[in-house]
Amino acid sequence: MPGRIGHAEAIRRALPDAVQISDRWHLWHNLAEAVRKGVAARNICWAKAGQPPAEGCQAITTRERRQQVHDLRERGVGLLECVRRLNLALNTVKRYDRVAEPERLIRAPEYRPTLVDPYRDHLRQRRLEDPAVPVTHLLREIRDLGCIGSSNLLVRYINQGRVEADRPALSPRRLARYLLPRPDRLKGHRRERIEAARAACHEMTALADPIHRFAALLDPADGNAALLSTRITAAQAEDLPHLQAFTGGLEKDRAAVDAALTLPHHNGGTEGVNNKTKLIERQMYSRAGFPLLRHRILLG
């Protein structure tokens, strides 16, 4: 047959009476990815709840380039001409052009956990008592408390402003993980971080509420298909492009999604076999032939 067709269309042609059911794990995974991207896109907003983002060289350059693109566009210059004049990629020019607020382009710094984190409160108290305390003294004190970090690590930690921040820096990925569980299952400090992010950025409320409403539908029930339509309509009304993209993907395969949310069937066993097959294949570095792979699966 000429051309390529998707799996769903191939099944419809081969077995027109078969009921296709989307995998609920993948529905949840896609929702989690939409949440992560949505949180990352708004991190300049919710980061106000913790450490204020530093206006570094990259942020300044981003502001300048966005302003250059907008100046050219206001004079009637096309996108391709902006690319030529500014020596930027076309996708970069498009992104700068469609963002009305320059803050939407700035990313708050993402700091990884360090060996100094457990001693942050001690460092903060010491610097409040004596702002001129030498770093060598601070290093000696936290080493007496059990820190094994180097002096360079401590200096970088202080220069990044992580000691004076109201709370330790939170990465978009970690905040997204805090948003995904049910609120009644969150521990105290996680609930506090979410509430602080909501208070600093109303978009976090608009993002968190649909997450829990969509997640509740993953427990199959008869009325979930109708509820899904309501959830999709509400999500499309919000200014959340990544969540809108997720709901748009649901609409493209709506029949299979409705079946996943209303029927008890699932393909967990099939996914388990697939994962086991991939594991065996990786153990053989994908170099063994099919006969050996078949024997290992049957005899395993």
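Helices (H or I, at least four residues) and strands (E, at least two) are DSSP runs, numbered from the N terminus. By that rule the protein has 17 helices and 0 strands. This is a predicted model: local features need pLDDT of at least 70, side-chain atom pairs count only at pLDDT 80 or more, and totals for chains, interfaces and linings use all residues. Residues are numbered from 1 along each chain as its sequence is written, and side-chain values use heavy atoms, with hydrogens and water left out.

**Overall picture**

- Buried residues (under 20% relative accessible area; exposed is over 50%, partly exposed in between; 1.4 Å probe, protein chains only) make up 33% of the 300 residues.
- Contact means heavy atoms within 4.5 Å. Of the contacts with a separation of 6 or more, 66% are between residues 24 or more positions apart.

**The second largest cavity**

- Rolling a probe the size of a water molecule over the atoms shows where empty space is left.
- A cavity is a set of points, on a 1 Å grid over the protein atoms alone, where a 1.4 Å probe fits but cannot get out; lining residues have an atom within 4 Å of a point.
- Grid points are joined across faces, edges and corners, and a volume is the space filled by probe spheres set on the points.
- The whole structure holds 3 cavities of 30 Å³ or more.
- At least two lining residues come from each of α2 (24-41), α14 (241-252) and α15 (254-262). Helix α2 gives the most, with 3 residues.
- The lining has 11 nonpolar, no polar and no charged residues. Here Ala, Val, Leu, Ile, Met, Phe, Trp, Tyr, Cys and Pro count as nonpolar, Asp, Glu, Lys and Arg as charged, and the others, Gly among them, as polar.

**The aromatic pair**

- Rings of Phe, Tyr and Trp (its six-membered ring) pair if their centres lie within 6.5 Å; planes under 30 degrees apart count as stacked, over 60 as edge-to-face and the rest as tilted.
- A search of the whole structure finds 1 such aromatic pair. F214 and F246 form it edge-to-face, at 5.7 Å centre to centre and 90° between the planes.
- F214 lies in helix α12 (residues 202-216) and F246 in helix α14, so the pair ties together parts that are 32 residues apart in sequence.
- Both F214 and F246 are buried.

**Helix α15 and its surroundings**

- In α15, 7 of the 9 residues are buried, so the helix is largely enclosed by the rest of the structure.
- The buried residues are R254, A256, V257, D258, A259, A260 and L261. They pack against α2, α13 (224-236) and α14.
- R254 lies in this helix and has a relative accessible area of 16%, so R254 is buried.
- The side chains of R254 and E251 are joined by a polar contact of 3.4 Å. A polar contact is a pair of N or O atoms within 3.5 Å; within protein, one must be able to donate a hydrogen and the other to accept it, and residues adjacent in sequence count only if both atoms are side-chain atoms.
- Beyond neighbours within four places in sequence, R254 is in contact with A225, L228, S229 and I232.
- S22 sits in the loop between α1 (7-14) and α2. S22 is buried, at 16% relative accessible area.
- A polar atom of the S22 side chain lies 3.5 Å from the backbone nitrogen of V257.
- Not counting residues up to four places away in sequence, S22 touches L27, D253, A256, V257 and A260.

**Other sites**

- C45 is in helix α3 (residues 43-46) and is buried, at 15% relative accessibility.
- Leaving aside neighbours within four places in sequence, C45 is in contact with A200, C201 and E203.
- I158 is found in helix α9 (residues 151-159). I158 is buried, with a relative accessible area of 10%.
- Leaving aside neighbours within four places in sequence, I158 is in contact with R127, V135, L138 and V163.
- Most residues other than glycine have a negative phi. N87 has a positive phi, near 55°.
- N87 lies in the loop between α5 (79-86) and α6 (90-98) and is exposed, at 70% relative accessibility.

How values were computed. On a 1 Å grid over the protein atoms alone, a cavity is a set of points where a 1.4 Å probe fits but cannot get out, and a pocket is an open set with protein on both sides within 12 Å along at least five of seven lines; lining residues have an atom within 4 Å of a point.
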